[in-house]
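Try each task before reading its solution.

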Amino acid sequence: MTLMAYAHAVNLSLMDALRADDRVIVLGEDVAEAGGSFKVTRGLLESYGATRVIDTPISEATIVSAAVGAAMSGLRPVVEIMFMDFITLAMDALVNQAAKARFMFGGKTSVPMVVRTPHGGGLSAGPQHSQCLEAWFAHVPGLKVVCPSTPQDAYSLLRSAIDDPDPVIFVEHKGLYGLRGDVDSSVKVPIGHAAVVRQGRALTLVSYGATVAVCLSAAKQLAEKNGIDAEVIDLRTLQPWDKATVLASVRKTHRVAIVHEAVQAFGVGAEIAACIAEDAFDELDAPVMRVGAPFMPVPFSRSLEKQYAVDETKVVAAMHRLLL
Amino acid sequence: MRKPFLMPKLGLTMTEGSIVEWKLKPGQAFNRGQIIFVVETDKSAVDIESEQSGVVLEIVHFPGKAVSVGGVLGYWDDEEGGANSESVVEFQLQKTSTVPVTAVDSVEVFPAQHQGNDIKRIVATPFARRLARKFNIDLHKVSGTGPNGRIKAADLPLGPATTQPTASQLILAKRLVGAKQNIPHFYLSLEVEVSELLALRIQLNLDVDVRVSVNDLFVAAAGRALLDCPQVDRVWSEDGIIRLGSTDVGIAVHSSQGLFAPIVRGAGRMTVRQITEKTRPMLERVRKGRLNALEMGGGSLTISNAGMFDVTYITPIINPGQAMILGIGSVREVFRPDANCLPSLRREVGVVLACDHRILDGVAALNFLQHFKKRVQQPQLLTTLE
Amino acid sequence: MSDIESPLSLIEFKELHETMLLIRSVESTLVKVFANGEVPGFIHLSIGQEAVAAGVGCAISPGDTLATTHRGHGHVLAMGLDLEGFFKEIYGRNGGVCRGRGGSMHVSDMSLGIIGANGIVGAGIPIALGSSLSFRTRGTGGVSVALFGDGAMAEGVLHESMNFAKLLKLPLLLVCENNGWSEFSPTDRQFSGSLAGMSAAFNIPHECVDGNDVEAVWHACKGALKELRGGHGPRILECMTHRVRGHFEGDAQKYRQKTEQSLLEAADPIIRSEYRLKELGCTEDELHRMKIHSEERVAAALLEARRDAEPDFAQAFHDVHTPVPGGTL
């Protein structure tokens, strides 16, 4: 067990995966020589060489498609897309190729690749460098989508993603790279399992990524000031998401809000809310709520971005509305 | 051409309606889109406007008369000449304020709540409905406190199977569990004669504004007993047994805010009147939930007086941090044999002293209890300082 | 002409010819059954382009991989795709090579090295690049071939792949089947440059061959593959050929001149191959028997396809994700 930053946990996970399986290769823009624009892949080139840690030209469409081809031909590639915003350039590779190869070729092949990419704002990175686009990929059959909120989960889920026989989009948060936490590399976290990070009986908050901590703060605030005990669930995986854990919580608390940094409209929360309404209708003592970003591109100005962000105040307000 | 006004079909199940009001008189011309008359069904009132222009000729049925759907209400002229016809005229329904209308021939008029129809839709959460079904509660009889008067589970007359403990309930629960788990309790009980005490109280309260209570007298007695028996005025702590010697006495108070134990500091060195002056404002603050930190905590003993209820003995739980708690029951009138074996009327209270066996042994506890009894039975001494 | 150690033997040539005959028979049959309404969806036929398919498909070795396009029937058949499985897939039946999940545009078999037939123009190119990256990483000596049409020359992924493959010296063979038509537009109105020009820009050796001469294609391919296996980096082979049918079946080809039609017939790769085989000693009778044999094979496979069961819907869910031992999703 070691205390380390989230970025370091990802780095360690890649190192350990490269060591454990020589089919694993890492590729992306500036991942090798420069160690990554967020330094997440620092040291990999020195340890594993240029055959397995590859700097690519700025050709997102091709490098992700190449990962598909490499994965179908016996490798386990881990591709980095420098900012999730750039994943748009690789949509064909992910949606038409990676997601469909197993299915449209009759179940006779699989594509064991991982696309690692940081999402999220809060750093004044502007509209084209701050987006959270994970909902798009959760909507594509054939893709798995994972979003860890802690260094431990980052380490363990990346190992699971690399070991997974199907394409996995591994979403990191650029604002969490400095977050420190204990990491035990022997801990395994399977894809598709949520974690109840705070137990409670009054209401349930479902979240993932950077907003898990926001939910925990909001829950603490409400417990101290109002004696209200909220349950907080960290989904960890978005596709497939742990419906059983979420529904069990709703059956206990009867009130639920889904919280995420991504735009609220048509987001991950919308799907979860609909499933809850459909499968746990008779348990609901309040409408299912969502807290997400407004329907606006992420603004640059610090003051604008602050108002844009999903913060403790907004979560607390949603919690109060749930209790009306 | 002469044409009839016919009663329109305004709902799938409508069989008849009546005119509420004719907007025009015979001889009056109207334009396309103008309202001719208003029809009332069992669900709502609907303005009927014309698809064509013309002139009203004759009113057949006046307001209030029930007419079958398709029945003739009156006649009009389309001013286009030609033979008279009984053909149906196309009417365009005017929207009422809340009734959604689509096509004339497929109108389903939905009752609007404010129009006072007889179908009342209950607004309740799915969970509340489920509980109502389970426990056979009629939701019509429940008023909801949620938004828009929505009925939530908490509004149902039966309490939900589980309630949320408040933060203070949780804290108290933790303390009490801790007390029972960590403090080895033993108990001693006695009947104590209080006739003198009660008589003294009456005397003390003649012509005064602030009245001495029975509890004040018990506090005074306990304080003096602590003074008499300094060896029990001690508490157990992680660092060891702490000798207090302060003769502080706590009072267990129940208020709507919860259970409190304000402390009368140095009760053993106060007169009963001084104790009264001290406790009155404290009890006021307890009622308002405004006890400050200095008024709670400390001392080796609390008195829990249940005398205002009907109970012989109460066996209370020691407040963590203290060594004893004294439970006092209600006054009982009993006959006891006197020195001559004749029945003598006594007034007694059942007293139970719960002790922390880590600090007190039976002898010390009995000793203290005896002193308390003596003090209660010699109440006059409580009015002065020794 | 690339220089190779062994020239094309007669047996190998006959194999090429048989492959072309099979492709022709399959595609011609599909013209008829599609017109009957028996085949769902779109089909894109490669009549007239058989020499490229046979020349490339027969030149590559087991262990190599090949990615093809929406017009890939010929390529995959040349790679040895099971004929019955092929027809069943066209018909969307359970016994299809993709169990009815993909159809004409996606016929493939990973076990034969076919890493996909793609409905997205140019998409197979970077996938083949990835496959060649795998060969390099694992040091297997394998080569990946990406087949694409001249219509893909405008796709960004081709340019990106040429760049990337060259930088990493990957064993990638890019084969352009240039039939002069990008869907419904002549290529010269779609692409301002040339493949030769692009190759020069990326310093990739480019060779141009007569795509209707199966021997030439085979030789060029063999030569290129040898270079690739030597680790010298990617190569481009441009095969000039003709597409006889429309972009897809049902396309009336009103955009093509009638005069072009007669030119097509003259360029027929099968006729040319027959001529060459006769030069090398084959008899009319033998050639005729080869043709009949192909037709019989096709007829038998078609029969099986028409009879095969529909795929089971519930079963299709099993192919969305790969089962994970001990885990359920």
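This is a predicted model: local features need pLDDT of at least 70, side-chain atom pairs count only at pLDDT 80 or more; totals for chains, interfaces and linings use all residues.

**Exercise 1.** At what angle do helix α4 (residues 83–90) of chain C and helix α11 (residues 284–307) of chain C pack, and how far apart are their axes?

Residues are numbered from 1 along each chain as its sequence is written, while chains are lettered from A and ligands numbered from 1 in the order in which they are written.

*Solution.* 
- Step 1: the angle is about 50 degrees, and the axes lie 8 Å apart.
- Step 2: that makes α4(C) oblique to α11(C) (under 35 degrees is roughly parallel, over 145 roughly antiparallel, 65 to 115 roughly perpendicular, the rest oblique).
- Step 3: α4(C) contributes C:L83, C:E84, C:F87, C:K88 and C:I90 to the contact, and α11(C) contributes C:R297, C:A301, C:L302, C:E304 and C:A305 (contact: C-beta atoms, placed from the backbone, within 7 Å).

**Exercise 2.** Classify the exposure of B:E49.

*Solution.* 
- Step 1: locate B:E49 in strand β5 (residues 45–50) of chain B.
- Step 2: there are 17 other C-beta atoms within 10 Å, so B:E49 is partly exposed (buried at 20 or more, exposed at 12 or fewer, partly exposed in between).
- Step 3: B:F37 is 12 residues away along the chain, and its C-alpha atom is separated from that of B:E49 by 7.4 Å.

How values were computed
Helices (H or I, at least four residues) and strands (E, at least two) are DSSP runs, numbered from the N terminus. Axes are lines fitted to C-alpha atoms, for helices over the stretch in contact, and angles run from 0 to 180 degrees between N-to-C directions. Two residues are in contact if their C-beta atoms, placed from the backbone, lie within 7 Å.
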